[in-house]
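Have a look at the structure, then read on.

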Amino acid sequence: KATVSVLNWPSRGGWGRAGHKGVMPVSSRINAVKPETLINIQREDGTHDRDHKVSEEKDEKMPNASIFTFEKEDHTLGNMLRTQMHTNEKVLFCGYKPDHPTVHTFFLKVQTDHGTTPATCVGQALREMLFVTRSFGTKLSEALSEHEETQPRAESKKDDAMFQG
């Protein structure tokens with residue numbers, strides 16, 4: 001007899017049925033991603049998983065092409081990276097595919113012209129994405145600060161109501 005541990009499931013949204021309050025249904029628990037597969041673990045040789053995040057394999061079927069394997073990443077990074085790669089004029093082809101829905105790995109296939117290498121273009125795209133996300137974070141923080149300065153604080157409204165009533 002197999003034992004399946006109960007995982008927490010969001011009570012709002014989720015499955016929307018009364019019988020599933022806070023518990024993931026059995027059908028979803030069977031293929032659930034184990035949390036320990038998503039963290040960095042120190043290997044026996046002393047290195048960390050983060051040291052082995054990306055690997056490159058030359059594609060023999062296409063000239064000047066490589067297939068990159070990204071460990072512990074999913075559609076979020078794969079789609080962003082593919083989109084960013086398409087802005088580079090030296091990239092002739094770029095596509096990605098996930099390994100499996102329960103495995104957080106995706107493959108990125110890149111073909112470039114003969115003036116550069118696929119690894120160079122992937123590195124450039126990752127640096128550009130880092131710049132864009134940091135810039136977005138800075139602008140978001142500034143906008144939130146500006147918004148908070150222009151809005152009265154919720155506590156001061158409560159204090160005013162107490163003194164007027």
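## A partly exposed tyrosine

Let's start with Tyr96, which counts as partly exposed because its relative accessibility is 22%. (Buried means under 20% relative accessible area, exposed over 50%, and partly exposed in between, using a 1.4 Å probe and protein chains only.)

A word on the ground rules: this is a predicted model, where local features need pLDDT of at least 70 and side-chain atom pairs count only at pLDDT 80 or more, while totals for chains, interfaces and linings use all residues. Residues are numbered from 1 along each chain as its sequence is written, and side-chain values use heavy atoms, with hydrogens and water left out.

## The ring cluster

You'll find 2 aromatic pairs here. Rings of Phe, Tyr and Trp (its six-membered ring) pair if their centres lie within 6.5 Å; planes under 30 degrees apart are stacked, over 60 edge-to-face, and the rest tilted.

Phe70 and Phe106 are stacked, at 4.7 Å centre to centre with 5 degrees between the planes. Phe70 sits in strand β2 and Phe106 in strand β4 (residues 103–112), so this pair ties together parts 36 residues apart in sequence. (Strands are DSSP runs of E, at least two residues, and helices runs of H or I, at least four, numbered from the N terminus.) Both Phe70 and Phe106 are buried.

Tyr96 and Phe106 make an edge-to-face pair, because their ring centres are 6.0 Å apart and their planes at 80 degrees. Ring pairs link Phe70, Tyr96 and Phe106 into a cluster.

## Two positive phi values

Asn64, in the loop between β1 (54–58) and β2 (65–71), has a positive phi near 55 degrees. Lys72, in the loop between β2 and α2 (75–85), also has a positive phi near 55 degrees.
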